[in-house]
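The sequence and the model are shown first, and the description follows.

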2 protein chains.
Amino acid sequence: MSVFAPRGDLLRLSTLFVRTLREDPADAEVASHRLLVRAGYIRRAAPGIYTWLPLGLRVLAKVEAIVREEMDAIGGQEVHFPALLPREPYEATGRWKEYGPNLFRLKDRKEADYLLAPTHEEMFTLLVKDLYSSYKDLPLTLYQIQTKYRDEARPRAGLIRGREFVMKDSYSFDTTDAGLDAAYQRHRDAYERIFRRLGLEYVIVSAMSGAMGGSRSEEFLSPSPIGEDTFVRSAGGYAANVEAVVTPVPDPVPYDDAPAAHVEDTPDTPTIDTLVALANAEHPRPDRAWTAADTLKNVVLAVTRPDGGRDLLVVGVPGDREVDMKRIEAALAPAEAEPAGDADFARHPQLVKGYIGPAVLGPQGVQVTDPETGETRSAIRYLLDPRIVPGTRWITGANEAGRHVFDLVAGRDFAADGTIEAAEVRAGDPAPDGSGPLELARGIEMGHIFQLGRKYAQALGLTVLDENGKQVVVTMGSYGVGVTRALAALAEAHHDDRGLAWPAHVAPAHVHVVATGKGSEVFEAAEDIAQGLVARGVEVVYDDRPKVSPGVKFADAELLGVPLLVVVGRGLADGVVEIRPRAGEARQVAVADAVAAVVADVETLLR
Amino acid sequence: MSVFAPRGDLLRLSTLFVRTLREDPADAEVASHRLLVRAGYIRRAAPGIYTWLPLGLRVLAKVEAIVREEMDAIGGQEVHFPALLPREPYEATGRWKEYGPNLFRLKDRKEADYLLAPTHEEMFTLLVKDLYSSYKDLPLTLYQIQTKYRDEARPRAGLIRGREFVMKDSYSFDTTDAGLDAAYQRHRDAYERIFRRLGLEYVIVSAMSGAMGGSRSEEFLSPSPIGEDTFVRSAGGYAANVEAVVTPVPDPVPYDDAPAAHVEDTPDTPTIDTLVALANAEHPRPDRAWTAADTLKNVVLAVTRPDGGRDLLVVGVPGDREVDMKRIEAALAPAEAEPAGDADFARHPQLVKGYIGPAVLGPQGVQVTDPETGETRSAIRYLLDPRIVPGTRWITGANEAGRHVFDLVAGRDFAADGTIEAAEVRAGDPAPDGSGPLELARGIEMGHIFQLGRKYAQALGLTVLDENGKQVVVTMGSYGVGVTRALAALAEAHHDDRGLAWPAHVAPAHVHVVATGKGSEVFEAAEDIAQGLVARGVEVVYDDRPKVSPGVKFADAELLGVPLLVVVGRGLADGVVEIRPRAGEARQVAVADAVAAVVADVETLLR
């Protein structure tokens, strides 16, 4: 079968609705944003909200078509849900609140609550509940390619983190865990094919499920220095989003020979380094020198629950590591955390800034009884990094200004309410599966696959009759591809200083014909070639602008990033035109052979 | 070129995500709504908001493709705007307020105002202003096929009047009036082709521009008894939306011989008929009998301006006609009118309900001075039907309970603040252009084309340099097709008691193959035929459900409305299958010839 349509498109630059810009837009931080705006593919309508111009829309349609084909190939059935949805289903699953300020909420003229959907688990679950009733109806995979909304606190990087964006979201429905595993694997394979066809390098990493709930979850990241996701990988094949990295827990340490804890004056130690220096000078440890890793840093956070309530939480980590707020947020989701403020400290005078120690935290601190449940809990919850195992000895705050406690032994002198993955992951840390040291990199999240399990089906009552006539709760998967974000990732991966450089499968056209010169013979020859290509099914941008200089035309061609440039100009006197790949060596061909040569080149690019 | 794709689709009913319903949905008033839900094409998500299931989405895609092809054919360039837009552009044109409660408004997390766009004139105007600057860039036509929002007071009839719906909206940009005329005509022609290709009967009627502003405007209506628009047409070719009908103004009547006005007691005349009877009995007119058309009915309305202010307005019409609120609303737009309530009457004791006459209205009533402009105007504005010309003689209220005034002569005894098209249009009324008497019918508005002129360009500063280097304001047209509504109109036009009956170009598939019987040979033969058709590019629904009765299968086939049914069943023993058009005569063909025969039938339907 031909790779071409029966007839290609001819886009004339003299009339095409596009204007290229020489200057970068002021708000553009990353190459994809900068170049997509400069090349006239997109235009900002509001923060994180973009208009698609003709060239951008062509690329978007091609990306969507590839996604659609691969979803159809695994038996996905396409449907289309509204973006404007009533509150009730999202109330039933708790997400109306959990999404917090990320959800666009509105009221209709009757004061009923609506939202602009950020994702559609609830609606798909209810739809299947509405139509299906028997195990014989399953397995089922439904998908949509649809516009989604998320009121990001900091929309950034153009299409990478927008507030209105296109997603492919699909959902699988099975009665058994094995069925869910199979549906998950089918999606995983389909996503690999999608990103390969798009021409995007990808890494599959283990991920946290976050507000989605559920168990197994992986992300497809496009490695990129501007990516918002940090991920780790080991030479032995481990790969995970940094939020999902589980710290290997060391064995407990014997502490029979540890001295008793002792409080010491530690004047003029504003930093961990100065504290360690003073410790080694005035209170040396006999077996080895104290290091930053022997200090226990207690960081005070304010945590906002989905119901709006606010609690203090103290997180203890070894002093040689920073806390990683993204890891903490992933661990606490759907609650949100931020560093505690002065008002928080003022309300808790037992917290002496800079000298906070376990003696006033968690089990050692004040205990309160929950008026509703009757359960007792710590007034200030205290969670520790998993490395702080029983027997480890610490220098930490003595809860008095200018004083620290030394040789405080975990498990002997203090305990916590639990552990938390709060410390930064560093290059060289061991992989959790023992597959070697980790290296860190950044990536753009293009896809995310989740085994939701029965959470949504349970909450919304999606059951079917099994073989024995018994009602069983359906198990679900949820799978997303950020379609507009994948387009941005493509631009990040395929550009240079001069402009975009699209892979042929997603380029807005296959060939960019430039007529350079003033004579009508140049335009006639270029027109013939352009028409000849279109008749063969090739999609052509033809720069037919009569009074534009060759320099401007070439600069525009490189900015637009169509994979093959055909230059019709000076060589015409010698009967030749030039074929110049966007990335590659130029060559001359006879005018009469031009169409056939270009068609062959395009076929090669598309196969 | 073949009418077929290289390979068709095969939709197996055993796995297709569809469930037909035997019962009508409780909220469905019209056939399209009832059948599209029962046949599993759409599903309600909220009032006026629908989910598209696989079959519905296939039809929608085909309707969109036809619209897209015809827009491309007139040089339209496709773009795509966000649905979520900032307030400012709509503030600049006054529509943020004018749309009143029909606009979905919301705030983002920073409390900035946003809306869900009901139409995009502002954004297209600003985009062209942003990119273009010279007359050489024009003419230009841009379009999008996009999801729109309108918070209807009474969403009804399924897709006919929804709150989230798909529209094709396009906009033309020209420097000259002649250019706008040409762009308007191109769209008019394109719309005729679109509706012809869709298989929809249409009538083009003159229309009011309403909140859009601008001058020339026409609607494309699909004649249907369930349509919300009433239109008129004459045998001589006049056609207009009833709101746009202009009443021919009669010549003034000489009134030299009219008696002086006289007030009479009119007890027990609660209706116009009883009043006319009393008038003829007790105060006969010498030249002819009084009729209802001689009474002047004054109707009190409360008018809400876009700025929220509320005024009283009295409308005077001949007593033989009702007032038509839709015509009044169109005349007053963007203000909204409703019958005055008791509170309104209480505030204006000079208005004696049932006996309101001109003596207290308009120029005859209290005059007030506008504090801002200093202009004098009537405290109660009074507008008359255009038939009430100088010299006409009336019986009307005397502003006292139980009394009317007789022989009150317009122009001699009273005047008004102006005229208004408020009276109902009736079958038999003369066409404004003299082309004969009007007949009335109802239709579904599927398209609307407007000459906007320079209103939006002026408000938003869209100018270009003309040939002489002078800034000129661009003139615009705005053109819409209700895509989801056209699909509903198709269902209204093409169905019967048993279900839908799609034209082949928009049907979700071309052929519906039904296997009836229990033997595996039936399913094998049906499978072969289905596969044979798909290999030829035909789109096939194949009812392969093993344990479903023939009766249910036939009922489902008729409900789904695919144009050709192929029955593989009892005839197989004799080597034949049956080809049964959804509308038409069934015939038998030999199994071996089935694929070729069906392909030929489909080709005929598609050409």
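Are A:Lys353 and A:Asp342 buried or exposed? A:Lys353 is exposed, and A:Asp342 is exposed as well; here buried means under 20% relative accessible area, exposed over 50%, and partly exposed in between, with a 1.4 Å probe and protein chains only.

This is a predicted model, in which local features need pLDDT of at least 70 and side-chain atom pairs count only at pLDDT 80 or more, whereas totals for chains, interfaces and linings use all residues. Residues are numbered from 1 along each chain as its sequence is written, chains are lettered from A and ligands numbered from 1 in the order in which they are written, and side-chain values use heavy atoms, with hydrogens and water left out.

**Two copies**

**Chain A as a whole**

Chain A contains 14 helices and 34 strands, which are DSSP runs numbered from the N terminus (helices: H or I, at least four residues; strands: E, at least two). Its C-alpha atoms fill a box of roughly 95 × 70 × 50 Å along the principal axes. Of the 607 residues in chain A, 56% are buried. Among contacts (heavy atoms within 4.5 Å) with a separation of 6 or more in chain A, 69% are between residues 24 or more positions apart.

**Salt bridges**

Side chains of opposite charge can pair when their charged atoms come close. A salt bridge is a side-chain nitrogen of Lys or Arg within 4 Å of a carboxyl oxygen of Asp or Glu, and the structure holds 112 of them over all chains.

| Pair | N to O distance |
|---|---|
| A:Asp24 and A:Arg34 | 3.7 Å |
| A:Glu439 and A:Arg233 | 3.5 Å |
| A:Lys353 and A:Asp342 | 3.3 Å |

A:Lys353 lies in the loop between helix H9 (342-347) and strand S18 (367-369) of chain A and A:Asp342 in helix H9, so this pair ties together parts that are 11 residues apart in sequence. Salt bridges that share partners also join A:Arg22, A:Asp543, A:Arg545, A:Lys553 and A:Asp556 into one network.

In the salt bridge between A:Glu439 and A:Arg233, A:Glu439 belongs to strand S24 (residues 438-453) and A:Arg233 to strand S12 (residues 229-234) of chain A, so parts that are 206 residues apart in sequence are tied together. A:Glu439 is partly exposed at 45% relative accessibility, and A:Arg233 is partly exposed at 29%.

**The surroundings of A:His262**

A:His262 is placed in strand S14 (residues 262-265) of chain A and counts as partly exposed at 25% relative accessibility. Which residues is A:His262 in contact with, leaving aside its neighbours within four places in sequence? They are A:His404, A:Val405, A:Phe406 and A:Asp407. The C-alpha atoms of A:His262 and A:His404 are separated by 8.5 Å, although these residues are 142 residues apart along the chain.
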